[in-house]
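Reader: I have a model open and I'd like to learn how to read a few of its features. Can you walk me through them?

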Amino acid sequence: MCADLIGQTILGQFRVDAFIASGGMGAVYRVWDLKRNVSLAMKVLHADLADDPSIIKRFKREANALRKLAHPNIVPFYGLYQTSDFAFLLERYVDGPSLKDILRKRQGKPLPLEEVLTYLKAISAALGYAHANGVVHCDVKPGNVMIDKGGNIYLTDFGIARHSESTTTTLSTVGTAAYMAPEQIRGEAVCPATDIYALGVTLYEMLTGQRPFKGDEKQTESSGSTANERIRFGHLTLSPPDPRNLNPVLPDGIIYAVLKALNKNPQQRYQSANRLFEAFCNSIDVNPESLPERAMDVNGLWIPGREIEQTNAMLTGLPRRRAISGIIIGFSLIIIVILFILRQPKINIYLQDRIEDASSTSLYEVSPIKTTVMPILQVTETLIIQSTNTTINVPVYEKTNTPFLIDTPTTINDSLAVLNSKPPGKIAYTCEVSRDDNIYDQICIVNADGTGQRQLTNTEGSSLYPTISSDGNHIVFISNMSGDHAIYDMDLSSGKTIPLTPVLGEPTSPSISPNDNLIAFANKRDNVMSLYIMNRDGSNIHDIFSGGGAYPSWSPDSSQLSFFSSDGSIYVIDVNGSNPHPLSFSSNLGSRSSWSPDGNYIAIFQGVKPSRQIFLINTNGVIAQQVTTIGDNLSPAFSPDGNWIGFLCYPEGYQSTKQGEICVIKKDGSDLQVLTHNSLLDWLPYWGP
Ligand SMILES: Nc1ncnc2c1ncn2[C@@H]1O[C@H](COP(=O)(O)OP(=O)(O)OP(=O)(O)O)[C@@H](O)[C@H]1O
Ligand SMILES: [Mg+2]
C-alpha cells in the first residue's frame, strides 16, 4: 500500500479516498472520479507488472474487449491507465464483501446449498456470457466474486491472471494456484473449460468449506518446497478428496457435478458454465428459474451465510421442478441451442464501448459512468411534499396557418411508405417556437395521422417533455414558466394547467403510469441524477434509484420502469426501487427507451450521428429487430396499440442546419411517415390514445 497516495488526485481526475485491500495484482483503493462523480475501485498494478511494456501493451489491447463485457453479473471495467509512476485499472466500486470474505467468516464451515446455487447461477451466467464473447476469465475464485449491498453478485478481474502469469518475475501473491486448472498450470492454452475447473474448485470450497488441494497432503510432501508448488502438484496429479468426508449431507448428484468440473482433462469437464449449473439443479430437482438472482432472503435482506445445520432443510425447501417429459426437455434444449446460435451476432452488434461515447446522446446530458447502484427503498423525507393546488391558466393556442400545421402526412421515400395507413391516437411532443427573437420549447400535439397539429402551451420560459395520460385527457410536462423547473399537469379539454410539484432540482422526462396512478421522472440534484416516483397528484415524491433515471418508461402493468442510467445503459427497476438491473450497455446507446404495450419489447435507439437507428430489444436486453434503416432516428415512443413507433427523425440523416421532425413507422419497419415540417426542432414525442 502506498499510504502517500491517499488524498492525491491521480491524472487530475481520480481522488484517492481510501485503501481497500492488497490483492494479487497490487493495492486496491477507493477513488472518487471528479469528472463522473462516482466512486470507483482503482487497482494499482505491481511494479513488476507495470514495468513490463509488453504486458501493458497487450493488456491495453485487451482492455477494449474487457470494457465491452456488459452483463448484470460482471463488474464493469473502465480501462487501464498509466501515470509516470504506476499503472492502474479502474472498475466499478462494489460496496460489499467478496465471496472470499464470506467464506473466511464461515471459518471452514460450508455454505447452505441454496446460497451455493445462488452464487453458481450468477457466476455461470457471467461466465456463459463472457465465453460467448470470446473471453476466458482465467482467474475464477472467491476473491473475484463480489456482492454489493443490494445482494447483486458480480464476477470481476477478467483476463487479469493471464497477464499476471505471463510475467517472468515471480510474484509471490499472484496465482496462488489454488483454483488453477492443470492446463493453466502447465502453461498450455486456456479455454472456457479452464474457467469451469476454477469454478469447480470454488464450488468445492463453498460446499465443503475447504479447497480440494491445500498443499499439506501426504502425497504432495516431496513435490515442492512451497505450498504453491505442492498445490500445483495436487491439481496436476491427485484426485480431489471425496467432498462427503467434509460435508456428509451433500447429495450424490452435486458431488458428481463438482467432480466432473474438476476433471483433469478439459474435454471431460462440462463444456459450458450453464451445463454445470443445470447439472447442479437437475441433480437435486430444482427449477433454475426459481432460484434467486441475488444473495437475498425472502425479505430482501442480505444473508452472508446461514448455519450448516440448515442444509437439509434448505434442500427440502428448494423449489421442485415439475415432471416434464424427456421429449419436451429435448425439444426445449434444441430451441435454446438455436436461440443461442441466433443470438451471437446480435450481441456483437449491440455491445460497443460504453465509456467513450455515452455522452454522445444529444437529448440529455448525462455523466457516462453510473454510481454504485443502491436502491433507496425508504422515502426521502425532505422530498415528501404535497402538491400546491394553485391553478395557473395557460391559454391553449389552436393555431391555424402556422408552420406547424399540416394536413396530410408526408413520406420520406415513396418506396418505404404506404400512404393509406393511418396511425391511431395522437402524439404530444416538444416543439421549438420562435418568440421575440428567441427560441423557446413548448408543447405541441398532432394526430398520429399527421392532421390537427397545434401548439398547446405558450408559457414563459420553456415547457417540454410531454407525457399523455392513458385516457388521453391530460398532459404532464416540465416547465420553468414560474421561474424554476417543476412538473405540471394540463387538462386537455379545458387547457387548465396546475403545478404538481414544487421546485425539485432539475426534473426531466416525466412519464404517467399506464394505470394512471403514478408519475415517474428523472431529477438532478447536487449534480446527481436520480429516478423519482410520485403519486399522480404530485404527493409522496421519492427517489428509487440514484445514478440515472432519464426517460423512464413504464411496463404495461405499471410494475416496472426502464430508464437510462448514468453509465449509458438501459436499466429496468421495480417500481418499489428493488431489483435494478442493466438490460443492455452500449456507448452508442440512446437515452430514451419505450416499453411496448404487450410488454415484450423495449424500443431503443443506438448508433452514431448522423445515422442512429431505432431497434427493439427483448426484455432480456438482446436486440430483437431493427426498426428504422435510413436517416438519423432518436427517442422512440410506442403507440398505445403497440403497432407503431413515433420518434424524432432527421430523414436525410442528421444535419446541424436542419432540425428534427416527428416521424412514425410501423413496428415492422414499414410505412414511415414524417408528421411535422418546419425549420425548428420537433422532438420528444409521446404517443397517447
Ligand atoms: N471493484 C471492487 N470494489 C470494491 N472492492 C474491491 C473491488 N475489487 C476488489 N476489491 C477488494 O480488494 C480486494 C483485493 O482485490 P484483488 O482483485 O486485488 O485481489 P483478489 O481478487 O482478492 O485476489 P487475491 O486472492 O489474488 O489477492 C478484494 O478482495 C476486495 O475486497
Ligand atoms: Mg480480484
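Author: Happy to. Keep in mind that this is a predicted model. Let's begin with a loop: Asp285 sits in the one between α10 (273-283) and α11 (311-317).

Reader: What is the phi of Asp285 near?

Author: Phi there is near 60 degrees, a positive value in a residue other than glycine.

Reader: Now helices. How do I read the way α4 and α7 cross?

Author: Look at the distance between the axes, then at the angle. The axes of α4 (residues 113-132) and α7 (residues 192-208) come within 11 Å and cross at roughly 170 degrees. Angles over 145 count as roughly antiparallel, and α4 and α7 are therefore roughly antiparallel to each other.

Reader: Which residues of α4 and α7 meet?

Author: From α4 come Val116, Tyr119, Leu120, Ile123, Leu127 and His131, and they meet Pro192, Asp195, Leu199, Leu203, Met206 and Leu207 of α7. Sorted by class, this contact has ten nonpolar residues, one polar and one charged.

Reader: Which residues are closest to ligand 1?

Author: For a ligand, start with the shell and then ask where it comes from. Ligand 1 is surrounded by 21 residues, and the closest are Ala21, Gly23, Gly24, Ala41 and Gly143. The elements giving two or more residues to this shell are β2 (14-22), β4 (38-44) and β6 (87-92). Domain 1 (2-92) and domain 2 (99-290) each supply at least three residues to the shell. By class, the shell has nine nonpolar, seven polar and five charged residues.

Reader: And if I zoom out, how many helices and strands are there in the chain?

Author: Twelve helices and 33 strands. The chain has 689 residues, of which 47% count as buried. Among contacts between residues at least 6 apart in sequence, 56% join residues at least 24 apart.

Notes. Residues numbered from 1 in each chain as written. Chains lettered and ligands numbered in written order. Predicted model: local features only at pLDDT ≥ 70, side-chain atom pairs only at ≥ 80, totals over all residues. Axes fitted to C-alpha atoms, helices over the stretch in contact; angles between N-to-C directions. Helix = DSSP H or I, 4+ residues; strand = E, 2+ residues; numbered from the N terminus. Parallel < 35°, antiparallel > 145°, perpendicular 65-115°, else oblique. Contact = placed C-beta atoms within 7 Å. Nonpolar A, V, L, I, M, F, W, Y, C, P; charged D, E, K, R; others polar. Buried ≥ 20, exposed ≤ 12 C-beta atoms within 10 Å, placed from the backbone. Near = placed C-beta within 6 Å. Domains from an automatic or database assignment.
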